[in-house]
Amino acid sequence: MRRRVPDFVRKILFVEILKGLALTFRTMLKPPVTRQYPRERRDPKPGFRGQHAFVRNPETNREKCVACQKCATVCPSRCISIRYETDEHGVRHLTKYEIDALRCIFCGYCESVCPVCAIVLTETYEYASYSREGFVYDRERLLHNWDRFAAQLKRPAYFNMFWRPAGADVKRLAVVRRLQQPVPVRQTPDAGIAGTREPRAGQGQAPTQGDR
Amino acid sequence: MELLLTIGKSVLFVAVVFAVTLLHVAYATYFERKVIGRMQGRIGPVEVGFRGLLQPFADMVKSLFKEDIIPNEADRPLFFLAPVIVVASVMTSLAVIPFFNNGSIANLNVGVLFIFAMASLAVYGIIVAGWSSNSKYAFLGGVRSAAQVISYEIAMGISLAGVFLMAGSLNLSDIVLAQREQPMGMFAVVQVVGFVVFVISAFAETNRTPFDLPEAETELVAGYLTEYSGFRYALFFLAEYISMYIMAALVALCYLGGWALPGFLTRALPFLELVPGIVWFLLKVYAFMFFYFWVRATLPRYRFDQLMAIGWKILIPVAVLNMVITAGVKRWLM
């Protein structure tokens with residue numbers, strides 16, 4: 001066994017301080033880790049849970065939501081409120097869908113519970129607003145969010161990893177989810193890019209208390 | 001006529017030294033931020049000018065245009081006077097530093113003592129700043145500074161006594177010339193104990209990490225600077241950096257051989273004589289400045305009682321021992 005240098009010798013020779021100095025000197029020679037944010041944007045990793053959106057169904061050009069209320073039920077922060085009407089065939093029609101993004105905790109339960117893969121947390125992470133109302137997303141706003149996200153997506157199709165959670169038994173998933181293919185993304189040039197100004201408050205419906 | 005010419009020359013030299021020092025101080029802040037940034041894995045200033053090179057000027061303009069706030073209950077004359085005392089006394093020390101051979105504004109025979117005296121005078125400015133601000137943080141910062149500088153000045157002076165004994169002079173030029181035939185051409189080899197004590201004291205004397213207790217921002221907001229803003233704040237800042245340069249210059253002159261090169265080197269490579277002495281001087285000064293920043297990026301701050309313990313229980317006895325041994329060797333062995 002190597003004999004340890006006596007403690008007072010280490011103190012006199014500033015061994016610990018010299019070790020620290022060596023560490024900082026080595027760090028200085030390494031490239032810095034700083035990312036110059038507005039100029040260097042980071043691509044989100046798959047599974048990143050960002051801004052809420054309704055997937056735009058390429059066939060109907062509308063949202064796919066069937067007003068089953070599962071997302072509103074599972075939501076731990078109860079930030080989703082849904083209203084619907086039932087027609088004579090017993091089919092539900094969505095009349096109101098609102099997410100309060102300021103209350104959302106981005107757990108992703110809504111997108112993993114949705115039987116038709118309608119609601120999704122996109123990879124958009126730049127969606128600041130000047131007002132609180134700017135964070136209350138109604139149907140139109142959620143579709144707009146999708147368009148905005150789709151326009152800047154670099155891949156030709158989008159598949160959210162929460163639609164088929166890792167380790168889930170595929171046979172037990174809802175039929176639509178089982179058959180869900182990556183959604184082809186149409187590049188819509190007028191949808192804007194990340195960082196552009198959002199439609200201001202008041203354009204969607206004003207949030208009302210106690211709609212559940 | 002002769003007299004006028006001499007006066008004109010001196011004034012010009014003073015102006016040049018003043019301007020060059022200010023420029024060096026401006027870029028010392030840039031150098032410091034870059035070095036510390038890189039040591040912490042960051043990049044430091046990059047926005048203003050090419051690679052952030054105009055950052056010091058942006059800072060200067062900013063501090064000039066800041067609102068000048070004076071606390072209501074402050075002692076106004078002293079509050080105005082404090083930064084002037086600090087800057088004036090620190091700037092005065094620049095006069096006796098030989099930047100190259102015969103290159104000092106005033107070649108005093110007691111140059112080092114003069115620098116010490118001026119450094120102590122600067123502490124008055126800091127105490128006055130703390131006192132006149134009428135703020136407990138500023139006051140505590142000022143008191144700490146006084147205690148700290150008094151303690152470390154002793155160790156510093158005694159550690160330099162070894163150098164004086166070896167050089168046989170207090171004149172900075174003579175000290176530099178006396179080092180030429182030393183091993184490596186510097187006293188730092190023979191006087192290594194004194195050198196280490198001096199370096200540690202220099203950190204304490206200029207209130208730099210790990211001894212930056214007078215402005216310990218985690219506990220005292222900004223210490224004696226707390227109530228100052230705008231241009232007066234900039235003056236304190238300026239004084240701090242100039243005193244760092246002066247300490248670096250003292251280390252370069254008294255321990256690292258100043259502007260001169262070791263005798264064996266100039267004999268082996270005679271063409272090195274052609275390089276102006278100020279190049280070697282600045283090289284040594286900047287090496288020490290880098291060391292200042294390097295230590296700041298590495299070490300945390302000492303507690304106040306630790307600071308006092310290091311000063312009185314370790315540095316002063318070691319410095320005294322060093323002085324006595326040096327004197328003994330000089331008396332009986334040489």
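A salt bridge is a side-chain nitrogen of Lys or Arg within 4 Å of a carboxyl oxygen of Asp or Glu. Keep that in mind, and remember that this is a predicted model, where local features need pLDDT of at least 70, side-chain atom pairs count only at pLDDT 80 or more, and totals for chains, interfaces and linings use all residues. Residues are numbered from 1 along each chain as its sequence is written, chains are lettered from A and ligands numbered from 1 in the order in which they are written, and side-chain values use heavy atoms, with hydrogens and water left out.

Now for some pairs. The side chains of B:R301 and B:D212 form a salt bridge at 2.8 Å, N to O. B:R301 sits in the loop between α12 and α13 (304–333) of chain B and B:D212 in the loop between α8 and α9 of chain B, so this pair ties together parts 89 residues apart in sequence. (Helices are DSSP runs of H or I with at least four residues, numbered from the N terminus.) B:D212 is buried, with a relative accessible area of 10%, while B:R301 is partly exposed at 24%. Here buried means under 20% relative accessible area, exposed over 50%, and partly exposed in between, using a 1.4 Å probe and protein chains only.

B:E32 and B:R296 make another salt bridge, at 2.6 Å, N to O. B:E32 belongs to helix α1 of chain B and B:R296 to helix α12 of chain B, so parts 264 residues apart in sequence get tied together. B:E32 is buried at 2%, and B:R296 is partly exposed at 38%.

What about the inside? The largest nonpolar core has 91 residues, and B:L160, B:F198, B:Y255, B:F281, B:M289 and B:Y292 touch the most other members. Such a core is a set of buried Ala, Val, Leu, Ile, Met, Phe, Trp, Tyr and Cys residues joined through side-chain atoms within 4.5 Å. Helix α10 (residues 230–254) of chain B gives the largest share of this core, 17 residues.

Finally, look at where the chains meet: 18 residues of chain B are in contact with 16 residues of chain A, contact meaning heavy atoms within 4.5 Å. About 1300 Å² is buried between the two chains, with 69% from carbon and sulfur atoms; this is the accessible area (1.4 Å probe) that two parts lose on being put together, summed over both. The rule finds 1 salt bridge across this interface, and the side chains of B:E47 and A:R39 meet in a salt bridge at 2.7 Å, N to O.

Methods:
Helices (H or I, at least four residues) and strands (E, at least two) are DSSP runs, numbered from the N terminus.
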